[in-house]
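Please have the model open while reading.

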Amino acid sequence: MTSPSSDTRPLAVVILAAGKGTRMRSDIPKVLHKIAGKSIVGHAASAPAELSPDRLVIVVGPGMEGIADDVPGAVAVVQHERLGTAHAVLTARQALADFDGDLMVLNGDVPLIQPKTLVDLRESITTGAAVAVLGYHCSTEHAYGRLIIDENGALDRIVENKDATDAEKQTNLCNSNAIVLAAEHAWDILTAIGNDNAQGEYYLPDVVKVARAKGLNCTYALAPEDEVHGINSRSELARAEGFLQARLRQRAMDEGATLIAPDTVFFSHDTKLGRDVIVEPHVVFGPGVTVADNVTVKAFSHLEGATVADSATVGPYVRLRPGADVGVGAKIGNFVEVKKASIEEGAKVSHLSYIGDARIGAHANVGAGTITCNYDGYDKHFTDVGAGAFIGSNTSLVAPVKIADGGFTGSGSVITKNVSADALAVERAQQKEVAGWAAKFRARKEAAKKKGS
């Protein structure tokens, strides 16, 4: 009898995230540390989410319920006693009491698994197997459990490294700890796992031993090695960041962006780049950045929570903070910071300026050294610069203030009042000249110098 396709079988995903992560030496739960701007557990939940599971449960430790905030749609259950990974899965049983379907178990500290890999794992269960385990070929020396395959190509058992014979240690087919159990056998297998071991814990890999003892078939699917490494230390966190950044850089180039020095560019998990974007060296994209087609992002720029429209130029040495909205063909030049401000079509903020809580109208020009004085110590206030306005160098715009369309400000002005359309506003002390002062000054200095010698 043919097993139903995975497309027609209900699926529940259980993510295990109750570990303390003591090797991280951190007050932050291990799975909330971030790679590419997103938590480890957030990444771990992303791939199964694309399988559209019918249920999603996350198992956390006491006091760690907040972890579930990083896994949208998940029901959190607490493993009050940490008695092993199989015990953690059984903790989720009550949340799945009314569920009848396959069960996929994933580790919350394994962030790089791709959706296709999990599709392959899930499809394995449709062959009539009771258990399917995700394995991978280790390329280096390791202490991971091995998948032992029988003469018929079925999964016979999982052997931990410390228990493996010399012959078993020669295999490089390792256990990733990602497992799918068929609906009709899942809870019977899990409840039959014992704790007769040195630690007195219930281990999830024992599902294979229990299933085989019941006369049930077990199988496996394969994953690329770089998808299944877990994170237990800061060095492993850095390694995962490196793997993910390489993946994101390749995706950006495959989708039509030019990265002049790819290894120096850092992306967030959600960075969106259009076609024919040019990214110069040493650029960092924080979360929430969208860049349209034909944009140039010059060297040493940092963008976060920002939108850049078609054909704009950003940088070098630009910081776009959350809420920055750069319009079509606009130019944000060197050493400019923009926060919660729209820079409209064709506008220029070419250098050495701070623009916050503001609108810079279409084709306006903001001179060097201009700042919007948006904060009074208690509240933020808005600056509105109209279309075609010209802001002279070293102007301080003290918000709330409006420069109407076509308005000018003289260089060095402190603008505290609204400026009318096409008017010039100048705020300076009157320049005075003292005739002969410089010559007398130099003479005094020279005389003092000779007297001292």
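## Largest cavity

By class, the lining of the largest cavity holds 7 nonpolar residues, 2 polar residues and no charged residues. The model is predicted. The residues of this lining are His-43, Ala-44, Ala-47, Pro-48, Leu-106, Asn-107, Val-110, Pro-111 and Ile-113. The volume of the largest cavity is about 50 Å³.

Which elements each supply at least two residues of this lining? They are helix 1, spanning 40–49, and strand 6, spanning 102–107. Helix 1 gives the largest share, with 4 residues.

## Second largest cavity

A search of the whole structure, with a threshold of 30 Å³ or more, returns 2 cavities.

Leu-112, Asp-226, His-229, Gly-230 and Ile-231 belong to the lining of the second largest cavity. Glu-236, Arg-239, Ala-240 and Phe-243 are also part of that lining.

## Asp-109

Asp-109 sits in the loop between strand 6 and helix 3, the latter covering 115–124. Is Asp-109 buried or exposed? Its relative accessible area is 12%. The cut-off for buried is under 20%, so Asp-109 counts as buried.

The side chain of Asp-109 makes a polar contact of 2.8 Å with the side chain of Lys-30. Leaving aside residues up to four places away in sequence, Asp-109 touches Lys-30, Val-31 and Ile-40, among others. Its contacts also include His-229, Gly-230, Ile-231 and Asn-232. Of these, His-229, Gly-230 and Ile-231 also line the second largest cavity.

## Strand 24 and its partners

Strand 24 covers residues 348–360. Strand 23, residues 331–343, runs parallel to strand 24 and is joined to it by 10 bridges. Within this pairing, Lys-339 stands opposite Gly-356 of strand 24.

How many bridges join strand 24 to strand 25? There are 2, and the two strands run parallel. Strand 25 consists of residues 365–366. Here Lys-348 stands opposite Asn-365 in strand 25.

Strand 27, residues 383–385, is also joined to strand 24, by 3 bridges, and the two run parallel. Ile-360 has Val-385 of strand 27 as its bridge partner. In a regular strand, side chains alternate between the two faces of the sheet.

Terms used
Residues are numbered from 1 along each chain as its sequence is written. This is a predicted model: local features need pLDDT of at least 70, side-chain atom pairs count only at pLDDT 80 or more; totals for chains, interfaces and linings use all residues. Side-chain values use heavy atoms; hydrogens and water are left out. On a 1 Å grid over the protein atoms alone, a cavity is a set of points where a 1.4 Å probe fits but cannot get out, and a pocket is an open set with protein on both sides within 12 Å along at least five of seven lines; lining residues have an atom within 4 Å of a point. Grid points are joined across faces, edges and corners, and a volume is the space filled by probe spheres set on the points. Ala, Val, Leu, Ile, Met, Phe, Trp, Tyr, Cys and Pro count as nonpolar, Asp, Glu, Lys and Arg as charged, and the others, Gly among them, as polar. Two strands pair if DSSP finds at least two bridges between them. Buried means under 20% relative accessible area, exposed over 50%, partly exposed in between (1.4 Å probe, protein chains only). A polar contact is a pair of N or O atoms within 3.5 Å; within protein, one must be able to donate a hydrogen and the other to accept it, and residues adjacent in sequence count only if both atoms are side-chain atoms. Contact means heavy atoms within 4.5 Å.
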